[in-house]
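Q: I would like to go through the charged side chains of this model with you. Could we begin with the terms used for exposure?

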Amino acid sequence: MARENIHQSLEVFYEKVNECPLRDRQFNFFELVYVISGTGHHAVNGNKFAYFAGDLFLITPKDCHEFDLEGICEFMVIRFGEGYVREYQWQSIDHIECLLYYASDLSGSVLVNNDDKRMAGSLMASLRQAIKHESVYSEDLVRHLVNAIIVIAARNLAIIKPQNITPHEDNRLLQILDYIQEHIRQPELLRVAVIAEKFGLAPTYLGSYFRKQCNESIQHYISSYRIRLIEHRLRFSDKRIHEIADEFGFADESHINKFFKRHKGASLKGYRRALTPA
């Protein structure tokens, strides 16, 4: 299996090819691939699906993937490593965190909203020009364009349904999922009674309704979501354990460690230590 590396926190390039340069590839970085023109099939971890112009794909370090091109195709490729994730800071939502959280549930193009497809196309065209004509502040411009694309990708991922959701969900369920994602760092707002009151439901009905629609309990969904985000903090940030505990609304390190160990079988320090190469 071919394994590729990058030597900077962010790399952006355009390519026009008639065949995939490497087959069965695996990365040590994240990659966003935008299809400018052409058609073919994209295979990720054994799943194969058609691609078209305007599609945007997210490939993570754990993925094994390849493109099967039908003739000449044009792509814009954005690669970023863990360093870029650590540098990426926002006042409100962690957009890269959203990308990483949903990465394992992806089965095709990130872009599902037509207006965002057009906006992403314009940004990619600007990004191509920015890397073609380097001048003063080019690096800053490239990063701003890449960050805007990440925000658009994250916004679309937020409306992609969880993998185990039933195909007949109603709009109220999507609103509940949005509410959970928005308030995941505020446990007092994620109690079943509070969510039920917010959406005009009885607590017992909310529980059975959520399980029927998502094939899991609402408590399990909330816990799994919080665990995944904490894992990202341990991997992609230098935050101390007490800072992570405070961010996610735990009383102290002891409480977050009990919660994390119950789900992952290790303390936060032990989990982070296992991520560090020997």
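A: Buried means under 20% relative accessible area, exposed means over 50%, and partly exposed lies in between. Please note that this is a predicted model.

Q: Where does Arg-143 fall, buried, partly exposed or exposed?
A: Arg-143 has 22% relative accessibility, so it counts as partly exposed.

Q: Which residue forms a salt bridge with Arg-143?
A: Glu-139 does, with the closest N and O atoms 3.8 Å apart. Both residues lie in helix 4 (residues 138-157), four residues apart, which is about one turn of the helix. Glu-139 counts as exposed because its relative accessibility is 57%.

Q: How many salt bridges does the structure hold?
A: The structure holds 10 salt bridges. One of them joins Lys-239 and Glu-247 at 3.0 Å, N to O. Arg-185, Arg-233, Lys-239 and Glu-247 are linked in a network.

Q: Is Glu-247 buried or exposed?
A: Glu-247 is buried, as its relative accessible area is 16%. Lys-239, at 29%, is partly exposed.

Q: Turning to Glu-74, where is its place?
A: Glu-74 is in strand 9 (residues 73-80). Glu-74 is buried, with a relative accessible area of 16%, and its side chain makes a polar contact of 2.7 Å with that of Ser-37.

Q: Last topic: at what angle do helix 10 and helix 11 pack?
A: Helix 10 (residues 253-264) and helix 11 (residues 268-275) pack at about 60°, with their axes 8 Å apart. That angle makes helix 10 oblique to helix 11. Residues making the contact include Phe-260 of helix 10 and Tyr-271 of helix 11.

Conventions
Residues are numbered from 1 along each chain as its sequence is written. This is a predicted model: local features need pLDDT of at least 70, side-chain atom pairs count only at pLDDT 80 or more; totals for chains, interfaces and linings use all residues. Side-chain values use heavy atoms; hydrogens and water are left out. Axes are lines fitted to C-alpha atoms, for helices over the stretch in contact, and angles run from 0 to 180 degrees between N-to-C directions. Helices (H or I, at least four residues) and strands (E, at least two) are DSSP runs, numbered from the N terminus. Angles under 35 degrees count as roughly parallel, over 145 as roughly antiparallel, 65 to 115 as roughly perpendicular and the rest as oblique. Contact means heavy atoms within 4.5 Å. Buried means under 20% relative accessible area, exposed over 50%, partly exposed in between (1.4 Å probe, protein chains only). A polar contact is a pair of N or O atoms within 3.5 Å; within protein, one must be able to donate a hydrogen and the other to accept it, and residues adjacent in sequence count only if both atoms are side-chain atoms. A salt bridge is a side-chain nitrogen of Lys or Arg within 4 Å of a carboxyl oxygen of Asp or Glu.
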